[in-house]
Each structure stands twice: as C-alpha cells, then as structure tokens.
Amino acid sequence: MSTNIDISQITKELEKTILDFKVKTEPANIGRILTLSDGVCFIDGLTEAGYGEILDFSDGLKGLVMNLEPDRIGAIVLGSGEKLKEGSEVRTTGKTLTIGAGEDLLGRVINPLGIPLDGKGSVRRDKEMPLEKAAAGVIERQSVSESLSTGLTAIDALVPIGRGQRELIIGDRGLGKTAIAMDAIINQKNTGVVCIYVAIGQKQSKVAQLVARLEQEGVLSNTIIVSASAAEVAALQYIAPYAGCALGEYFMEAGKHALVIYDDLSKHAWAYRQLSLLLKRPSGREAYPGDIFYLHSRLLERAAKMSDRKGGGSLTALPIVETQAGDLSAYIPTNIISITDGQIFLDADLFNAGVRPAINVGLSVSRVGGAAQEKAMKQVAGKLKLELAQFRELATFAQFGADLDKNTQEKLNRGSRLMEVIKQPQFQPLPLEKQVILLLSATEGLWDETPVAQVKEKSDKMLNYFETAKKDLLTVIAKEKKLSPVVRQEIVEAIREFIRSL
C-alpha cells in the first residue's frame with residue numbers, strides 16, 4: 001500500500017505560515033506615566049494605543065485615550081487616581097468603553113461606569129453597550145409620529161414633544177428646568193416608556209432628593225439614574241451622558257421606548273473644557289475646544305424613532321442647558337439649540353410673577369412634535385400659542401397706562417385667564433383628557449366673567465367635577481383622542497353647567 005504526498009504543497013504551506021507569523025513584543029503594549037495632573041496623564045511607550053481605547057493602570061483603575069501625539073499619548077483617568085504616580089505602569093486593552101445594560105438596572109442609581117451607588121447590591125447585565133456609537137442612518141429611522149406627553153398642559157399644548165425627538169429645556173438657574181424633567185418622568189408611569197435621568201455635576205443631596213421623590217411617586221422602578229456628581233472627577237462627568245444614551249439605546253434596540261434626560265449639558269461642557277485644557281488642546285471661544293459642537297451633536301443625534309424594520313423603538317432626548325441672565329446667544333446655548341428640534345425657554349420674569357412652568361411662549365418652539373400631537377389637543381390648542389404671544393406683547397404695552405380699545409381689552413382679559421388655566425404645580429401632571437377640558441374651557445371664553453384671581457381655583461374644582469359627575473366624557477376623550485362636534489358640545493355644556501352651579 002502506498003500514499004501520494006505532495007511535498008511541494010506542504011512546503012508552500014509551511015513557508016506561508018512562517019511569513020505570516022509575527023512576534024508580539026510586550027513593550028509595544030506597556031507604557032509608563034510621564035506626567036499626572038488633575039486626572040489627566042501623559043504616557044510614554046504605548047505605540048499601539050488607539051483613540052478611545054481603554055487603558056489599565058497598575059492599581060486597577062481604567063483610563064481613556066484622548067490624545068495621540070508623535071511621542072506620547074494623553075489619557076483621562078476614570079476615577080480618583082490618588083494612588084497613581086509618575087512612572088506607574090499602563091497597559092493597552094484593545095477595547096473601547098462600554099456599559100452593561102439590562103432590565104435589572106431599572107430602579108437603580110449607578111455611576112457612568114455602571115457601578116451601583118445605591119447600596120442595593122450588584123445588578124445583572126444582559127448586554128454590553130458602547131458609550132460611543134455612530135447615530136442611526138436616515139434609512140433606519142422613521143418620522144416622529146407618536147406623542148410623548150409630559151403631563152404639563154403648557155408644554156403638551158404649545159411645544160409638544162414626540163417620541164424620538166430632541167427638545168432642549170433652557171433657562172437660568174432655579175427656574176424649574178429639572179422640575180419639568182421630573183414631571184415628564186412621573187407622567188410616563190404605566191406608559192411603557194423607560195426613563196433615564198443623567199445627573200452631571202449635580203449635588204449629591206439633589207440627586208438623593210430626586211430619587212426619593214421618584215420612589216414616592218411610584219416611578220423609580222421604571223427609571224435608571226446615572227449620577228456623576230459635582231464631587232466626581234471631570235472624566236466621569238464627561239462620559240456620563242454617553243453612558244445614559246447607551247442605556248437608552250439598549251431599550252430602543254429592543255423595540256421599546258426610552259426617555260433620556262441630560263441634566264445638564266452646560267456642566268458637561270465645563271467638564272470637557274477642563275479636560276481639554278489639561279490635555280493641552282488649543283482653546284477657542286470662551287476657552288472651549290474647537291470640537292465642543294461635535295461633542296454634543298454626536299450625543300444628541302443618537303435620539304431617534306427607529307423604522308418598523310428595526311423594531312420601531314425610540315429614544316427621546318431632553319437635554320437641559322443653563323443660561324446666564326437669560327442669554328440665549330451664548331456659545332453653548334446656541335450650539336445645542338442648533339442641534340435640537342426645538343427648545344422650551346423658561347423666563348425669569350414669568351417665574352417671578354408666579355407662572356409655573358415659566359415658559360416663554362414666544363421663544364419656545366417644537367419643530368417636529370406637532371406631527372405627533374394628539375388630535376384632541378390640536379383641536380383645542382390651535383390658536384393658543386398666538387393668543388398667548390399677543391397677550392404678552394399687549395400686557396407690556398398696557399403697563400404704560402395708555403387708553404386701550406375694547407378689542408385690546410378683550411384680548412388682555414382672555415389672555416390673563418389663559419395664563420391662569422395653564423399654571424400647574426409641580427408633581428401634578430395631567431392626563432390628556434383633563435388638559436383638553438381645561439384648554440377648551442379657556443379658549444371658548446367660559447371663564448371670561450370669572451375674576452382672574454379665582455380662575456385657577458375654580459378650574460381645578462371643574463376637573464374634580466368631571467372626575468365625579470362626567471367621567472364618561474373623560475373616558476371618551478382618553479379612548480378616541482379626538483373631539484367630535486357632539487362630544488365637544490357636551491363638554492362645553494357640562495362646563496357651563498358647572499360654572500352656573502358655583
């Protein structure tokens with residue numbers, strides 16, 4: 001018995017294997033810290049490091065490559081780094097930054113690395129989600145078509161938000177920006193929308209109060225809190241919104257709906273400016289680096305309403321930005337306004353006058369939410385924005401004590417009652433059907449004979465009246481989400497009946 005062996009073929013295979021063989025030298029993946037300052041270090045020896053790669057420090061800390069220079073790399077330390085020193089060993093990992101995502105994170109408070117902060121033990125993670133990721137393309141998306149109700153009449157009527165939208169909340173400190181976000185979260189109870197609240201540079205006490213309130217309202221079990229408090233290093237504040245976005249994408253890719261709130265991106269920009277200056281990057285306007293626009297655009301562009309072929313999930317973003325003395329033309333506000341699909345601007349004068357939420361109708365806009373607004377709301381709020389904007393202009397003019405004609409007086413009277421109707425205390429979001437009845441009562445002029453000071457109190461009593469005596473009408477609006485002429489007339493008659501009974 002004999003076998004034919006092709007010696008030439010074996011020789012060729014051996015030669016190919018030898019030529020393809022490469023010796024991996026350890027020094028290429030090990031470096032040493034040259035300088036270390038405020039959580040930013042420069043490292044020598046990591047010739048194979050890539051931008052955005054995770055580094056392992058000798059004491060178990062992680063780092064993130066931010067600068068690639070000819071003879072060294074710049075990295076940020078994702079932690080305190082107190083034990084690090086010049087000369088400490090650093091290794092590359094070949095990995096990029098991810099965060100573990102899963103249903104078990106609901107109801108938990110974590111840091112941007114996914115480490116629990118609430119003392120409730122470890123969490124099971126179903127999937128690793130990259131913090132940095134290219135936004136979904138146009139073909140993978142569909143138009144915003146579903147409403148995301150905040151429960152705040154002024155917003156749902158005037159600047160409606162749709163699932164998959166990016167709506168900026170902007171205003172000076174202490175005007176209720178976080179309050180709007182909180183009400184939006186509370187209003188998602190029993191809607192199936194997962195909420196992610198990202199606290200950037202906030203006081204730990206404020207985050208604790210927020211968590212306690214969400215638990216009291218029964219919505220914490222449907223919410224993830226990502227906290228990078230003011231006590232944390234700038235590096236963790238920098239990656240915090242990307243961590244929150246990655247968690248939102250996990251639910252979006254599963255065909256669910258998620259709402260992520262970035263509170264706030266002003267502090268995020270400050271953290272990035274600090275890191276950039278320490279990395280010796282050239283500074284630009286207001287000492288911000290030149291890529292500050294790209295920093296936020298690559299974050300907010302990831303909000304989307306996915307196509308049915310991609311599961312139909314959505315990620316809605318509500319970024320918050322703080323202004324100084326109402327200056328909308330500052331660098332960061334103008335940057336983020338140009339990225340988002342509209343803004344809710346809170347006015348200090350309105351806030352001081354007792355209007356809650358203090359929304360400036362003239363400067364607030366929603367560029368796509370109207371396409372997702374419920375039909376019943378459109379039917380009663382069509383001219384509301386124009387009437388309120390006219391009222392503010394006329395109210396300013398009337399302060400000079402000029403004689404006013406009858407038509408102007410009527411607009412002022414109607415506008416002042418509209419303002420009373422849309423006032424709303426915090427933590428009391430209203431369902432669609434009650435918002436529709438409130439707005440219908442005002443736009444139909446049914447409060448025109450009621451003293452302005454009594455409108456708010458009596459309109460609240462009216463809602464209680466509908467809850468007890470006219471619940472069938474509330475049910476019809478909630479089910480149909482539109483007003484037929486017959487139902488509209490029945491509601492108007494019921495309101496008139498209530499007002500006569502007062």
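Why does Leu 14 count as exposed? Leu 14 counts as exposed because its relative accessibility is 51%, where exposed means over 50% relative accessible area, buried under 20% and partly exposed in between (1.4 Å probe, protein chains only).

## Basis of the report

This is a predicted model, in which local features need pLDDT of at least 70 and side-chain atom pairs count only at pLDDT 80 or more, while totals for chains, interfaces and linings use all residues. Residues are numbered from 1 along each chain as its sequence is written, and side-chain values use heavy atoms, with hydrogens and water left out.

## Overall architecture

The protein chain contains 16 helices and 17 strands. These elements are DSSP runs numbered from the N terminus, with helices (H or I) of at least four residues and strands (E) of at least two. The C-alpha trace spans about 105 × 65 × 40 Å along its principal axes.

Of the 502 residues in the protein chain, 51% are buried. The accessible surface comes to about 23,400 Å², and carbon and sulfur atoms hold 52% of that surface; accessible areas come from the Shrake-Rupley method with a 1.4 Å probe, and for residues only the protein chains shown count as cover. Among contacts with a separation of 6 or more, 73% are between residues 24 or more positions apart, a contact being heavy atoms within 4.5 Å.

## A nonpolar surface patch

Leu 14 belongs to helix H1, residues 7-20. Together with Ile 7, Ile 10 and Ile 18, Leu 14 forms a nonpolar patch on the surface, and the four residues have about 420 Å² of accessible area together. Patches are made of residues with over 30% relative accessible area and no salt bridge; like charges are joined within 9 Å, and nonpolar side chains (Val, Leu, Ile, Met, Phe, Trp, Tyr) within 5 Å.

## Salt bridges

Side chains of opposite charge can pair when their charged atoms come close. The whole structure holds 32 salt bridges, each defined as a side-chain nitrogen of Lys or Arg within 4 Å of a carboxyl oxygen of Asp or Glu. One of them joins the side chains of Arg 124 and Asp 104, at 3.8 Å from N to O. Arg 124 lies in the loop between strands E8 (109-110) and E9 (127-130), and Asp 104 in the loop between strand E7 (98-101) and E8, so this pair ties together parts that are 20 residues apart in sequence. Arg 124 is exposed at 51% relative accessible area, whereas Asp 104 is partly exposed at 35%.

Another salt bridge pairs Arg 414 with Asp 448 at 2.9 Å, N to O. This pair links distant parts of the chain, with Arg 414 in helix H12 and Asp 448 in the loop between helix H13 (432-443) and H14, 34 residues apart. Arg 414 has a relative accessible area of 23% and is partly exposed; Asp 448 is also partly exposed, at 28%. Arg 488 and Glu 444 meet in a salt bridge of 3.1 Å, N to O. Because Arg 488 lies in helix H16 (residues 485-501) and Glu 444 in the loop between H13 and H14, the pair ties together parts that are 44 residues apart in sequence. Arg 488 is partly exposed at 25% relative accessibility, and Glu 444 is partly exposed at 34%.

## Crossing of helices H12 and H14

Helix H12 (residues 406-421) and helix H14 (residues 452-469) have axes that come within 9 Å and cross at roughly 35°. Axes are lines fitted to C-alpha atoms, for helices over the stretch in contact, and angles run from 0 to 180 degrees between N-to-C directions. On the H12 side the contact is made by Ser 416, Arg 417, Glu 420 and Val 421, and on the H14 side by Val 452, Val 455 and Lys 456.

## Individual positions

Gln 237 is found in helix H5, residues 234-253, and is buried, with a relative accessible area of 10%. Not counting residues up to four places away in sequence, Gln 237 touches several residues, including Ile 200, Gly 201, Lys 267 and His 268.

Gln 390 is found in helix H11, residues 384-398, and is partly exposed at 31% relative accessible area. Gln 390 and Gly 415 are 25 residues apart in sequence and 8.2 Å apart in space, C-alpha to C-alpha. Pro 70 occupies the loop between strands E4 (62-68) and E5 (73-77) and is exposed, with a relative accessible area of 88%. Pro 70 lies 62 Å from Phe 391, C-alpha to C-alpha, and the two are 321 residues apart in sequence.
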